[in-house]
2 protein chains.
Amino acid sequence: MRTLNVELAERSYPIRIGANLLGQPGLIKPYVKTRRVAVITNDVVGPLYLDAFVAGLEAEGLTVTRIILPDGEAHKDWPTLNLIFDGLLGARCDRGTTLIALGGGVVGDMVGFAAATYQRGVPFIQVPTTLLSQVDSSVGGKTAINHPLGKNMIGAFYQPRLVIADTTALNTLPDRELKAGLAEVIKYGLIRDLPFLDWIEANLERLLARDQDALAEAVDRSCRNKAEVVVADETEQGERATLNLGHTFGHAIETGLGYGEWLHGEAVAAGAVMAADLSRRLGWLSDADVERVRAIHARAGLPVKGAPLGADRYLELMAHDKKVSDGTLRLVLLKQIGKAVITAEAPVESIRATIEACC
Amino acid sequence: MRTLNVELAERSYPIRIGANLLGQPGLIKPYVKTRRVAVITNDVVGPLYLDAFVAGLEAEGLTVTRIILPDGEAHKDWPTLNLIFDGLLGARCDRGTTLIALGGGVVGDMVGFAAATYQRGVPFIQVPTTLLSQVDSSVGGKTAINHPLGKNMIGAFYQPRLVIADTTALNTLPDRELKAGLAEVIKYGLIRDLPFLDWIEANLERLLARDQDALAEAVDRSCRNKAEVVVADETEQGERATLNLGHTFGHAIETGLGYGEWLHGEAVAAGAVMAADLSRRLGWLSDADVERVRAIHARAGLPVKGAPLGADRYLELMAHDKKVSDGTLRLVLLKQIGKAVITAEAPVESIRATIEACC
């Protein structure tokens, strides 16, 4: 088992990474405030892991409330969040109750937001079961639900007490979701870690074959990159926004098609290729650089073209993005491979040209 | 104009108290991050103050979005909160937008929670227009909405950048709401400031007659007391819970009758008398002390008996209270007049006896 400590002063927490961690409730016990926990999962992950996981916690002497949500990004909304509150209040869970998120990014984001707001804040633990959530949404304290007018529009910055990333859980992940997770892994290489990008290019087949050591390495290095960024900029005033490479285009795709049509990682992959194309138009990347970005995503089985929504619709959807500041659209682009910047320099004609060329 | 600074390190903020402050938008301008603000009010306060207030802000060069909510505690819920998000997203308000709450405690609590969670947090300013919100809910950063199973069950600790308490706005407050606000003023005397209680007893008629100087003094001393407590214990791990004198019984009354039947301050008044009665049963207060608590509330025109819900129903509702920790009901009681404690010592038979004697 590897351990990575995210250093955020009194909100610091460890990430445990390795095989068969779900079966070790002793890892969780020291991080539970009282004896009460609520395990929140969804109707896909629950049947696979919930019974054994809860039995382990109960064997450690904990009192467990179970809450099962419908699966999918389409349910990352208020009515589903309210199912968590209903379950907690129905079971009379008090302010000492620790919430445990068992599932992917949607479960993690929702449980984190529920923990941030239930009785004005209770502790929570992330047990991410998808590659995407292990490398991304379980690190950094971003929690949120969607609004019909925009993704992640309602949320909070709220840190977990502990993250358990069990690579064995990735064995039950559908291929499409594994690939979607790789989009975020590749992203860390692109924005700030060229040696890691080299490693991914050399080990992509092992990752696609779910080699446990390769997965642990990818999760570890991704989380280390993310943790470094988050520690430097917890509430996204600056550098942290570079983690959103591909996300502004990607969110437009997800919102434009309706949540759930494309997986988040798929939209981010296409968005990253679009960001590379736009970076080339600004003179920052070469044609070969753009091809390198396209090729690694294509080898991972990810989309390398955006959805054909039309440039006007893209621009309209992008104007709702959270990175819009005082009316100016700010994009994460690449100064070079391995170095992202946040910029408001891209002319709208160039953005339009990228959309038309890449969708 | 008086200014009180609430010292919370990088989240410190000033409270301005005095007459005719709503007409001074220059007080607000320095605390607005960008040029965008959204003023959120309700359909009772809006017609009285919104046009002039917005005109003042616009004259200062700010771009103002207006959002008007239905009035009342019954609307302190998710659908109404969502009207704020709809309004902000519809007007494309970005993360630099400052939310301004113009109204009573319900508006303040909801706008504060909206600010805490819109795009994971935007700045906000409180402009409380009721006595209750000026002395209580605008100080301390507690924000929340209600859930059908309990009051304030979903919320966050989130501090405003500025509070403007205009005593002139209290001239349009219905008598019943002025009196309800006095319940919280009296509370500060009871829990920690005996000289202030003496002052209230000596000046109650001036307060009821809306004497501006007396109101400013009451708001100032109440806010000072609250600020001292909040600074010492921002997230309510200890002393801050004493601010909830009367609230556990009071919340049971409000929930038991359905939100909106009694005003919050009315329920707190009856709850404070019940807490005094229970304190006497524990040997902490004399009969004369309890009569003093009863008399000041009665003189203020407030209820001094709880709603007749029956002891079983009270106990059931109180078990849902946020002050329940690890299954134990903790109550705020009085060791003496002017000194509150948080205790789990009250036997359930004594609580039952108090409910039966006081309702």
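Cys359(B) is partly exposed, with a relative accessible area of 28%; the classes are buried (under 20% relative accessible area), exposed (over 50%) and partly exposed in between, with a 1.4 Å probe and protein chains only. The closest cysteine sulfur to that of Cys359(B) belongs to Cys358(B), and because the separation is 6.3 Å, the pair is too far apart for a bond. A disulfide is a covalent bond between the sulfur atoms of two cysteines. With the criterion that a disulfide is a pair of cysteine sulfur atoms within 2.5 Å, the structure holds 0 disulfides over all chains. Another cysteine of this chain, Cys223(B), is buried, with a relative accessible area of 0%.

The structure is a predicted model, in which local features need pLDDT of at least 70 and side-chain atom pairs count only at pLDDT 80 or more, whereas totals for chains, interfaces and linings use all residues. Residues are numbered from 1 along each chain as its sequence is written, chains are lettered from A and ligands numbered from 1 in the order in which they are written, and side-chain values use heavy atoms, with hydrogens and water left out.

Chain A contains 12 helices and 11 strands; these elements are DSSP runs, numbered from the N terminus, with helices (H or I) of at least four residues and strands (E) of at least two. For the 359 residues of chain A, a compact globule would have a radius of gyration near 21 Å, and the value of 20 Å for the chain agrees with this. The radius of gyration is taken over C-alpha atoms, and the globule rule is 2.2 Å times the number of residues to the power 0.38. Along the principal axes, the C-alpha atoms of chain A fill a box of roughly 60 × 40 × 35 Å. Of the 359 residues in chain A, 62% are buried. Among contacts in chain A (heavy atoms within 4.5 Å) with a separation of 6 or more, 76% join residues 24 or more positions apart.

For chain A, an unreviewed UniProt entry lists residues 67-179 as "domain: 3-dehydroquinate synthase N-terminal". UniProt positions are given in the numbering used here, feature names are shortened, and annotations may be inferred rather than shown by experiment. Over residues 67-179, chain A is 34% helix and 29% strand, and the end C-alpha atoms lie 28 Å apart.

The relation between the two copies was examined next. Chain A is superposed on chain B by a rotation of 180 degrees with 0.0 Å of shift along its axis, at an RMSD of 0.0 Å. This is the relation of a two-fold axis. The same surface serves both copies, as 100% of the contact residues of chain A recur in chain B. The superposition is by least squares on the C-alpha atoms of residues with pLDDT of at least 70 in both copies. Trp78(A) comes closest to the rotation axis of the residues of chain A, with its C-alpha at 4.2 Å.

In chain A, Cys223(A) is found in helix α7 (residues 212-232) and counts as buried, at 0% relative accessibility. Not counting residues up to four places away in sequence, Cys223(A) touches Leu4(A), Ile15(A), Gln134(A), Val135(A) and Val139(A).

Two helices show how buried residues are arranged around a helix axis. An α-helix has 3.6 residues a turn, so residues three or four places apart point the same way. In helix α12 (residues 348-358) of chain A, the buried residues are Ser350(A), Ile351(A), Thr354(A), Ile355(A) and Cys358(A). These residues lie on the same side of α12(A), because they cover an arc of only 140 degrees around the axis, the arc being that of the directions from the helix axis to the C-beta atoms. Glu349(A) and Glu356(A), on the other side of α12(A), are exposed. The buried residues of α12(A) pack against α8 (247-257), α9 (264-281), α11 (311-318) and β10 (331-336) of chain A.

In helix α11 (residues 311-318) of chain B, Ala311(B), Tyr314(B), Leu315(B), Leu317(B) and Met318(B) are buried. Their arc of only 165 degrees around the axis puts them on the same side of α11(B). The packing partners of these buried residues are α8 (247-257), α9 (264-281), β10 (331-336) and α12 (348-358) of chain B.
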